[in-house]
Structure formats: structure tokens, C-alpha cells
Amino acid sequence: MPIDPTEPYDSDNIFARILRGEIPNETVYEDDRVLAFKDINPQASNHILVIPKGEYVSWDDFTKTASDQEIAHFIRTIGKIAREHGFVEPGYRLLANIGRHGGQEVPHLHVHIFAGEPLGPMIARG
Ligand code: AMP
């Protein structure tokens, strides 16, 4: 079920539990503010989720309430992870789903990185 991105942060969401170490994950990058791990149900040969460690429900919440420093670090880190995985050439895709129309399922901000193959049309129709 898509989430309502205007709801308050739910500290029992699955990514909060991953951050607390209650659920295992395949970490590919970690620092004091960001965690990146493999998506459990990959939609491309490389599918990584990047999340801030702070409690943000969605991209909307993050860009409204996080500090400029946190936002800059998060975005730079996504670029760094993609570079370190060799995704820049031949290319990759970023995606953040927000709310009902975006199809966001987990109420903790995450950016998807897809890579490793031609990724097809930007938006699936049909
Ligand atoms: P979204 O629809 O943008 O909210 O995407 C949520 C993503 O989280 C989906 O691609 C799921 O496959 C992924 N996911 C859910 N639970 C886990 C988990 N425990 N570990 C890794 N990825 C997960």
C-alpha cells in the first residue's frame, strides 16, 4: 500500500529497523549520515537503495526539513556510490517515489539506484 507522505515518521518502518540493526541488509556503503544497501527485490541487475540515517518520511519531508548540509551530503553520497560502483559510464537511473501517485511503499526516504543494463522507458505504461 502506498504511504501518505504527510504522516508523521513511523519509527517501526522497515528501514528504521534496518538502521537499528534489527533486520539484516546487504550494505554497500555506510557513513555517519547515510546507509546504502541492496534492494531485496531487485528491478535491475544492480538495484541499490540509499537512505539518510535521519528520520525523514519522504523526499518531500527531507527537502522541507533537513539542513542544507544534510541534503548536500546525501546527494553527493548518491553520486559517490554510483561512481564507486562504475555506473557513470554506461549510465544509471535514480528514482525517488513520493506518496500515493509515486507508489512509495516504505515511509523512510530512499533513493533507488538502478544500473547494469539498458533501463528502458522512463515510466512504465500499460
Ligand atoms: P518504494 O516503492 O519506493 O517505497 O520502494 C521500496 C523498496 O524497498 C522496494 O523496492 C522493496 O523491494 C524494498 N525493500 C523492502 N524491504 C526491504 C528490505 N528488508 N531490504 C531491502 N529492500 C527492501
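Which residue has a polar side-chain atom 2.8 Å from an oxygen atom of the ligand? His-110 does, and the views below take a look around that site. The model is predicted, with local features needing pLDDT of at least 70, side-chain atom pairs counting only at pLDDT 80 or more, and totals for chains, interfaces and linings using all residues. Residues are numbered from 1 along each chain as its sequence is written, and side-chain values use heavy atoms, without hydrogens or water.

**View 1. The shell around the ligand.** The ligand is surrounded by 16 residues, each with a heavy atom within 4 Å of it. Asp-39, Asn-97, Glu-105, His-110 and His-112 are the closest. By type, the shell splits into seven nonpolar, six polar (Gly counts here) and three charged residues. Both α1 (14-19) and β2 (34-38) supply at least two shell residues; α1 gives the most, with three. Helices (H or I, at least four residues) and strands (E, at least two) are DSSP runs, numbered from the N terminus.

View 2. A backbone N or O atom of Glu-105 sits 2.6 Å from a ligand oxygen atom, while one of Ile-40 is 3.1 Å from a ligand nitrogen atom. Taken alone, the ligand exposes 500 Å², and the protein buries 84% of that (Shrake-Rupley method, 1.4 Å probe).

**View 3. Lys-80 on helix α3.** Lys-80 belongs to α3 (residues 68-84). Lys-80 counts as partly exposed because its relative accessibility is 34%, between the cut-offs for buried (under 20%) and exposed (over 50%), with protein chains only as cover. Tyr-29 is 51 residues away along the chain, and its C-alpha atom is 9.8 Å from that of Lys-80.

Terms used
A polar contact is a pair of N or O atoms within 3.5 Å; within protein, one must be able to donate a hydrogen and the other to accept it, and residues adjacent in sequence count only if both atoms are side-chain atoms. Buried means under 20% relative accessible area, exposed over 50%, partly exposed in between (1.4 Å probe, protein chains only).
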